[in-house]
Amino acid sequence: MRLDIVKYGEPVLETVARPVTDFGKELAQLVDNMFETMYFAKGVGLAAPQVNMSWRLTVIDVSSGQDPNDKLVLVNPQIVKLEGSQVGEEGCLSIPGFREQVKRAGKAIVRAQNVKGEFFDVTGEELLARAMQHEIDHLNGVLFIQHLSLLKRDLIKRKIKKLQKAGEWT
Ligand code: NI
């Protein structure tokens, strides 16, 4: 089942999400729904707060559904190590229509639990490293525009306000 993606302005997007403690059927169902929602929206990552669920959970697929091996579920993820840097274009399904260059670590090592609650480590570079950092930010109530200069961020916020006033940001 597809879920509604909440957009910038909703408080849940700027709230620190709660750890997942229940690894039952409901979590597995939510993960399935999040993948379906992400693929439909043509994203490479989706965090639970983006579907109005304030839990520390994110799904990622840097192949956009082309390679089942790239399907990644991170429950209660923690960044273990960041290395190097990369600059690249980034967007967010909760801030549609805006893409900006964002500086991130080039390599990220993350420890997380899977949908059954088992711990594992994942090492990502390039797009996977970027996606993991972007999605884990979401779990801490941080959006990619917070990595931009104040000037760029204010410009985007003003444009969004205009869209909100025009009723084009729902
Ligand atoms: Ni995002």
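1. Basis. Local features in this predicted model need pLDDT of at least 70, side-chain atom pairs count only at pLDDT 80 or more, and totals for chains, interfaces and linings use all residues. Residues are numbered from 1 along each chain as its sequence is written, and side-chain values use heavy atoms, with hydrogens and water left out.

2. Salt bridge total. The whole structure holds 7 salt bridges. The criterion is a side-chain nitrogen of Lys or Arg within 4 Å of a carboxyl oxygen of Asp or Glu.

3. Lys81 and Glu83. These two residues form a salt bridge, with the closest N and O atoms 3.1 Å apart. Lys81 is partly exposed, at 43% relative accessible area. Glu83 is partly exposed too, at 32%. (Buried is under 20% relative accessible area, exposed is over 50%, and partly exposed is in between, with a 1.4 Å probe and protein chains only.)

4. Lys152 and Glu100. Here the closest N and O atoms of the salt bridge are 3.7 Å apart. The pair links distant parts of the chain: Lys152 sits in helix α3 (residues 150-165), Glu100 in strand β5 (residues 100-104), and 52 residues separate them. Lys152 is partly exposed, with a relative accessible area of 40%. Helices (H or I, at least four residues) and strands (E, at least two) are DSSP runs, numbered from the N terminus.

5. Arg111 and Asp121. This salt bridge has its closest N and O atoms 2.7 Å apart. Arg111 belongs to strand β6 (residues 107-113) and Asp121 to strand β7 (residues 119-125), so the bridge ties together parts that are 10 residues apart in sequence. Both ends are partly exposed: Arg111 has 41% relative accessibility, and Asp121 has a relative accessible area of 44%.

6. Helix α1, span. Helix α1 (residues 25-40) has 16 residues. From first C-alpha to last it reaches 23 Å, close to the 22 Å expected at 1.5 Å a residue. The expected span is 1.5 Å times one less than the number of residues. Lys42 follows α1 and has a positive phi, near 60 degrees.

7. Helix α1, buried side. Its buried residues are Leu27, Leu30, Val31, Asn33, Met34, Phe35, Thr37 and Met38. Their cover includes β1 (45-47), β2 (57-60) and β3 (72-83); contact here means heavy atoms within 4.5 Å.
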